[in-house]
Amino acid sequence: MRFALATLVLALAVSGCASVSKQPISAQDRTSMQGKSLAVTARAKPDFAAMTAGKATFALIGAIAAISEGNSLVASNNVADPANVIASSLAKSLEAAHAVRTASAAITVTADDAAQIASSLRSTADYALDVQTLNWSINYFPTDWTHYRVFYTAKARLINTQTGAVVASGFCKRIPDTNVGAPTWDELMANQAARLKSELDIAAKECIDTLKTEMLAA
């Protein structure tokens, strides 16, 4: 049961990739956005699942408990959603490459549909950069129930708010595949979850590199 649930969590972590097209910005769009304005979106923190081998024994009830505990530890340890750091870095890359003018503060959105995001920000900026965390979670290794890995997946889109078109998009993930050097639960949570934050920082940096290459041809 615990092996099966660990495998299911892994499958869910990468499933978002199938629904996200990888689209680099075209030469025409790179020219069109020169000197234009850019709004960066922000979202409420998504649910964070902290799955332990003990919770896996209780299947669905365990999964619900994992989300409850995960959200609690994120709140109590002030764990930041990596999407915000990723979006900020991509915006700076666009500023450097295309002289776009980025709004000073991120704008909160709740919609996922690109056309809806474009409509809500049309009077604010010419383009919108939307980075969304799809999955962030902790799970034990299927063959090592005392050591843990941090999953992270995200998608990003650059949207022309005047037309509603997605002019660039990408997907990124970090899912450690070895338990060598992996932390125990106590090691992850020590010092206000310092190791967890470090793992998410690594995921954010890898995502930035991936998305700059996939989306921005940087």
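Reply: Ala193 sits in helix H7. Helices (H or I, at least four residues) and strands (E, at least two) are DSSP runs, numbered from the N terminus. The model is predicted, so local features need pLDDT of at least 70 and side-chain atom pairs count only at pLDDT 80 or more, while totals for chains, interfaces and linings use all residues. Residues are numbered from 1 along each chain as its sequence is written, and side-chain values use heavy atoms, leaving out hydrogens and water.

Ala193 has a relative accessible area of 0%, so it counts as buried. Buried means under 20% relative accessible area, exposed over 50%, and partly exposed in between, with a 1.4 Å probe and protein chains only. The phi of Ala193 is near 60°, a positive value in a residue other than glycine. Most residues other than glycine have a negative phi. Asn78 also has a positive phi, near 55°. Its setting is the loop between H4 and H5. With 61% relative accessibility, Asn78 is exposed.

Now the core. A nonpolar core is a set of buried Ala, Val, Leu, Ile, Met, Phe, Trp, Tyr and Cys residues joined through side-chain atoms within 4.5 Å. The largest one has 47 residues. Ile86, Leu129, Ile138, Tyr152, Leu158 and Leu196 have the most contacts inside it. At least two residues each come from strand E1 (37-42), helices H4 (59-76), H5 (82-98) and H7 (185-214), and strands E5 (127-141), E6 (144-160) and E7 (166-174). H7 gives the most, 11 residues.

Leu129 shows the packing at one residue. Contact means heavy atoms within 4.5 Å. Setting aside residues up to four places away in sequence, Leu129 touches Leu38, Ala39, Val40, Thr41, Ala87, Leu90, Ala91, Arg157, Leu158 and Met215. There is also a second, separate core of nine residues, among them Ala111, Ala118, Leu121 and Ala128.

Thr133 lies in strand E5. Thr133 is buried, at 6% relative accessibility. Its side chain makes a polar contact of 2.5 Å with that of Asp81. Another, of 2.6 Å, joins the side chains of Thr133 and Tyr152. A polar contact is a pair of N or O atoms within 3.5 Å; within protein, one must be able to donate a hydrogen and the other to accept it, and residues adjacent in sequence count only if both atoms are side-chain atoms. Beyond four places in sequence, Thr133 is in contact with Pro46, Asp81, Pro82, Ala83, Tyr152, Thr153 and Ala154.

Last, helix H6. In this helix (residues 114-121), Ala114, Ile117, Ala118 and Leu121 are buried. They cover an arc of only 100° around the axis, so they lie on the same side of H6. The arc is that of the directions from the helix axis to the C-beta atoms. The buried residues of H6 pack against E1, strand E4 (107-108), E5, E6 and E7. Asp113 caps the N-terminal end of H6, with a side-chain oxygen 3.2 Å from the backbone nitrogen of Ala115.

Ala114, in H6, has a relative accessible area of 12% and is buried. Leaving out residues up to four places away in sequence, Ala114 touches Arg157, Ile159, Gly164 and Val166. The C-alpha atoms of Ala114 and Ala165 are 7.3 Å apart, although 51 residues separate them along the chain.
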